[in-house]
Amino acid sequence: MGPIYTFDDIIDMLRRRAGVIILITLVGCIASVFWALSIAHVYQSSEVIQIEQPKIANDLAPSTVEGSSARRLQLIEQQLMARGTLIDIIQRFDLYDNMTELRTSEKVDLLRRSVTITGVAAPREGYADDGTISVMTFTAEMDNPADAQAVAREFADRTRQMSAAQRQSQTLETLEFFQRQEQNLIRDISALEAELADYRAENDLSLAGSLEFRRGEISSLNDAILELDREIIATRLARDRVNPDARAATIAREQEELNATLESLSTQRDLLQEQREILTTSLQTSPEVEQELARFERRMSQLQDQLEVITARRNEAEVGFSLESDQRGEKLITLEQAELPDYPVSLSRKKRAAVGGMGSFMLALIVAFLLELRRPIIRSARQMTRETGLVPVVSIPDLSPQEKRRTLGKVWQQRLNAGKQGRAARMARKQRG
């Protein structure tokens, strides 16, 4: 510390550098006042929204909106902080109109830094983290309390609107996708049925029933023909066994009846035989035709299975869309509305000026100390004894003009006091004599 070691040395330094200290402190205080007046107050307003879970259990009516709420809200936050959205908010509320020198990009960056969005995760269920957010807080810091309240509410309102629109859009797109898939499958099935009908017509397979049905019909016709053959044989035997001893009229009548029965049975047998031949002819198809029919059946079965799956999923998508349309799914509600701030959150102007004044005084002390270190001169007998160990015989006072005037003033004051004391003593002696 050079020549400064004790408290008396510090007092001497302050006395010697009082002019510099006062000047720097005064200039610093004036600058602090202007600095405090130039900085605007900052007001803060916050709005809190809560993520409300679906009113109907997901097991009973599953929603088609997939993904965690944290991921969806993060995407919404990125959209809110996009340049276009921030410019829209700035123009809507006429923000930073008093800062005409700022460019649009600087205003966007200033608003982006003035708004803070924080989320609180919901408690875990077990050891798994499902990424659910329970509360979101939107905080805006502006130089105007009304702007802070309006910006916080605007960000919260846009978040609610974008969340609802995002969920409805996702459920609607899911529903439309499954509806298009269902319509495509129905169209494919209709086209396959028409193609199958054309193929049957081209290959003369247009008789009612399938191949298995016709094979069953042929089997039934064979049984019927066999039964008719038995009856024909029995009728012929009965005709041959007519009693020859009977009257001629009786014999003729019985033979005529048996011949009529035999003719009827033969006609029936011919008709059944003709029908069987037609069915047999329709069954005499090539192996390629049977393979093609089997391929048609497989494709039809596959399309029917796909249609059942798509129909089930389309029903689930309709349930999810109904939930979102009726606002019975996950939604955002206002837990605490942004209020008009009464006091600024920034440091007051008085405190700023006081801090600046204290800093100016500390700077003045540092400058004074640096000036002392720049010229480390021994200024008193006490310093001489401490630094060198020698006791000075005579101490010559400071003879600078200021110190000289101060010394002469002290000597003149001492003489005046001595004269007054002498006159008082003489008067006292005269009174006693």
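Before going on, a word about the model: it is predicted, so local features need pLDDT of at least 70 and side-chain atom pairs count only at pLDDT 80 or more, while totals for chains, interfaces and linings use all residues. Residues are numbered from 1 along each chain as its sequence is written, and side-chain values use heavy atoms, with hydrogens and water left out.

Ile10 sits in helix α1 (residues 7-16). Helices (H or I, at least four residues) and strands (E, at least two) are DSSP runs, numbered from the N terminus. With a relative accessible area of 33%, Ile10 is partly exposed; buried means under 20%, exposed means over 50%, and partly exposed is in between (1.4 Å probe, protein chains only).

Now for the sheet. Four strands form an open, antiparallel sheet in the order β2-β3-β1-β4. Strands β2 (115-121) and β4 (331-336) stand at the edges with a single partner each, so one side of each has no neighbour in the sheet. From one strand to the next, the twist averages 25 degrees; angles run from 0 to 180 degrees between N-to-C directions, using axes that are lines fitted to C-alpha atoms.

Two strands count as paired if DSSP finds at least two bridges between them. Strand β3 (residues 133-142) pairs with β2 over seven bridges. Along that pairing, Thr116 faces Thr139 in β3, and Ala121 stands opposite Ile133 in β3. Strand β1 (residues 43-52) pairs with β3 over eight bridges, with Glu47 opposite Phe138. Is β3 enclosed or open? Nine of its 10 residues are buried, so β3 is largely enclosed by the rest of the structure.

Next come the salt bridges, each a side-chain nitrogen of Lys or Arg within 4 Å of a carboxyl oxygen of Asp or Glu. The structure holds 11 of them, including these:

| Pair | N to O distance |
|---|---|
| Asp109 and Arg113 | 3.0 Å |
| Glu154 and Arg158 | 2.6 Å |
| Arg230 and Glu227 | 3.2 Å |

Asp109 and Arg113 are four residues apart in helix α5 (residues 104-114), about one turn of the helix. Asp109 is partly exposed at 35%, while Arg113 is exposed at 56%. Glu154 and Arg158 belong to helix α6 (residues 145-202) and, being four residues apart, are separated by about one helical turn. Here Glu154 is buried at 7%, and Arg158 counts as buried at 16%. Arg230 and Glu227 lie three residues apart in helix α7 (residues 211-240). Shared partners also join Asp88, Arg92, Glu154 and Arg158 into one salt-bridge network.

Finally, the record. In the model, residues 175-202 are 100% helix, with end C-alpha atoms 40 Å apart. Residues 353-373 are also 100% helix, and their end C-alpha atoms are 30 Å apart.
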